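I opened this entry to keep track of what I looked up. My notes follow the order in which I checked things.

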There are 2 protein chains.
Amino acid sequence: MAVQKPTSLDIAAAAGVSQATVSRALRDSPQVSEETRERVKKAARELGYIVNRNAAGLRTQQTNVLAVLLFDELGQHRFEANPFFLSMFGSISHAAAELKYDVLVTFQEDSENWHHDLIVANRADGIILLGYGDYRDSGSKFSMLTENECPYVLWGPDLPELKGKVVGCNNIKGGRLATEHLLSTGRNKIAFVGEASASSPEFLARFQGYSQTLTDAGIAVDPALQFDAHDEQEGYLAGLRLLASGCQFDGVFAVSDSIAIGVMRALKEADKRIPDDIALVGFDDLPLAAYVEPSLTTVRQDCKMAGQLLVHSLVSQIHKKAPGQMTIEPELIVRQSS
Amino acid sequence: MAVQKPTSLDIAAAAGVSQATVSRALRDSPQVSEETRERVKKAARELGYIVNRNAAGLRTQQTNVLAVLLFDELGQHRFEANPFFLSMFGSISHAAAELKYDVLVTFQEDSENWHHDLIVANRADGIILLGYGDYRDSGSKFSMLTENECPYVLWGPDLPELKGKVVGCNNIKGGRLATEHLLSTGRNKIAFVGEASASSPEFLARFQGYSQTLTDAGIAVDPALQFDAHDEQEGYLAGLRLLASGCQFDGVFAVSDSIAIGVMRALKEADKRIPDDIALVGFDDLPLAAYVEPSLTTVRQDCKMAGQLLVHSLVSQIHKKAPGQMTIEPELIVRQSS
DNA sequence: TTCAGCGATGAATACGTATGTATAATGAGC
DNA sequence: GCTCATTATACATACGTATTCATCGCTGAA
């Protein structure tokens, strides 16, 4: 890169000490006296010395790199439509930088190709999995990483078999916040759009918050008001089915903003007034949520905090320390749609 | 990472050859016979061998890593609101993977801190600069990188002093597309919202496309219809000023979708009908553009192609080869707002 | 039969750092 | 004045790979 990059030997010559002392001085070892430390650092600064990461890594057997694996099964478009991971990625990057880690990013299209994961792992001290969507049989899926003692964390649901590896939102509480809010505005026939099954544990938890809240309020949970959906288009279709079902309803809790926006499209096409006829609440607080009409009430996840927690717990694993906090709290953002 | 990672020596022992032969076989050197190559590869597969990048990099003096510097002067929010870079980043990642490069990402808050850039450069074979916004005196700004013979490319305007380093959109043509479209729908009093100055060369080029098109059509370019703006809020304010100015206008070309959405907000507040009273065209094709009401006509930049061009031209530089194509063509996306 | 030429492999080395061990310098205690 | 503990530094080595140079066996021409 540089015309001729200086090595620690060059610094040693310039400062009149040995290469070993240079290394120790730059790493602030207590073994080296204050005076020589300063002399060495000054020489390093003047020569524009930068530690060679390959050599240092080879010696110390670590990379000071965290890998982020982005599972993107729906192709590029999904990530494009999911700014949540992007924001989180931003905070991951910042948090990692503070701890002197670089961040290596890989788009992972095939979530079965664990060999590739290991290759990535080989270039990093630990890995962060984002957007991993399929948690069926999740214990065995991660066994390869576990067997190889590869530190990893993922953003996702709080499954017992992944104890200590998962950072996630308190989804049950999120579901409660949304449902309680709808109840507080006088709605009591509240539909649920999303998937309440074990293959989407996060959605399931939000459903649990929804149904717990209804039960607590003495309202029966009506399966006729539950519709499956995973994205905008399916949300739209679910909205159509909901309208066609003939069921009475005055509120809708959608498990994601994308789905909510699809539902909103269906409702608007049917000339329903939002929120007058039907109140609508989403989940995630995508930037989009503030711009649709009417703007969408939603449950926000603090993605900045999320990124920090991911990095901190991963680094804790790397250093064999106890992980700290692993859950972030959701927050209700009230807008026009409710 | 692994309990005990095998080295090339282990493979050598398993295959009954020397370490040198292992290295050659795995790198498909013609010096090694077909038979032993297979034997070595088989052994490597069975032992789960993965080349140690630190050691390889130390030996070859390269990292096989491309660094992406994301200049993010407006803080985390801007990147969050700018999915364009995200999509581009996705294609960068894919293109890099095809060429066996990893991608290291760094958020860069201070565009003056070139020392940090060099540190990053030291960990990569080349760097890609995204979102670098200030091109005043741009020649000298990049001199540090040039002096150190550090390969780099950036996404930006086609400035002569950055010849061979810039991949960008044909912004003049983009401005023409937008303006020609507005003309073709019968508008002839077309306002421009953005900044037509050298400190934003991309916006300036779009303005040139706008003014050239008007001139070609025999329409005078009216400075009274030009307003500065850089983001949604400033677009809103520009919209208010435009309305308050009393000037007649029936179309608006905004240099970005964010600005266009701000203008749209101002127009709607003033009860202007879009597109009946005023037609509106943006630039970028953010995902948001399809969701606002009315949906926004805009000029799309092919970010997938852009990412590929960035990677390919950077790798060309690294290998001291001639760069290829450096420009992508814009495309008009017509929606409801025009 | 001899030897040049060639193809395939092994031995040896260097990349730049971090660190264990040895050594020199200093001061305290008797 | 001598020993011994303490400190600061130098010396030496290993990390795992890629590559240069040397070696060896073999073929074919003289």
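I call a residue buried under 20% relative accessible area, exposed over 50%, and partly exposed in between, with a 1.4 Å probe and protein chains only. This is a predicted model, where local features need pLDDT of at least 70, side-chain atom pairs count only at pLDDT 80 or more, and totals for chains, interfaces and linings use all residues. Residues are numbered from 1 along each chain as its sequence is written, chains are lettered from A and ligands numbered from 1 in the order in which they are written, and side-chain values use heavy atoms, without hydrogens and water.

**Salt bridges**

I take a salt bridge as a side-chain nitrogen of Lys or Arg within 4 Å of a carboxyl oxygen of Asp or Glu. Side chains of opposite charge can pair when their charged atoms come close. How many salt bridges does the structure hold over all chains? I find 29.

I looked up A:Glu329 and A:Lys173, whose side chains form a salt bridge at 3.0 Å, N to O. A:Glu329 sits in the loop between strand 11 (327-328) and strand 12 (331-333) of chain A, and A:Lys173 in helix 10 of chain A, so the pair ties together parts 156 residues apart in sequence. Helices (H or I, at least four residues) and strands (E, at least two) are DSSP runs, numbered from the N terminus. A:Lys173 is partly exposed because its relative accessible area is 33%. A:Glu329 is partly exposed too, at 41%.

Next I turned to helix 3 (residues 34-47) of chain B, which holds both B:Glu35 and B:Arg39. They form a salt bridge, with the closest N and O atoms 4.0 Å apart. They are four residues apart, about one turn of the helix. B:Glu35 is exposed at 57%, while B:Arg39 is partly exposed at 34%.

B:Glu46 and B:Lys42 also form a salt bridge, at 3.3 Å between the closest N and O atoms. In helix 3 of chain B these two are four residues apart, which means about one helical turn. An α-helix has 3.6 residues a turn, so residues three or four places apart point the same way. I also noted a network in which salt bridges with shared partners join A:Asp28, A:Glu34, A:Arg37 and A:Lys41.

**DNA strand C**

I then checked the bases. An N or O atom in the side chain of A:Gln19 is 3.1 Å from a base nitrogen of DNA strand C. For A:Arg24, a side-chain N or O atom is 3.0 Å from a base oxygen. A:Ala55 uses a backbone N or O atom, 3.5 Å from a base nitrogen.

**Helix 11 of chain A**

I checked the length of helix 11 (residues 201-216). Its 16 residues should span 22 Å at 1.5 Å a residue, and the end C-alpha atoms are 22 Å apart, which agrees. The expected span is 1.5 Å times one less than the number of residues. Its buried residues include A:Phe203, A:Phe207, A:Tyr210 and A:Leu214. After the helix comes A:Gly218, with a positive phi near 80°.

Key:
A polar contact is a pair of N or O atoms within 3.5 Å; within protein, one must be able to donate a hydrogen and the other to accept it, and residues adjacent in sequence count only if both atoms are side-chain atoms.
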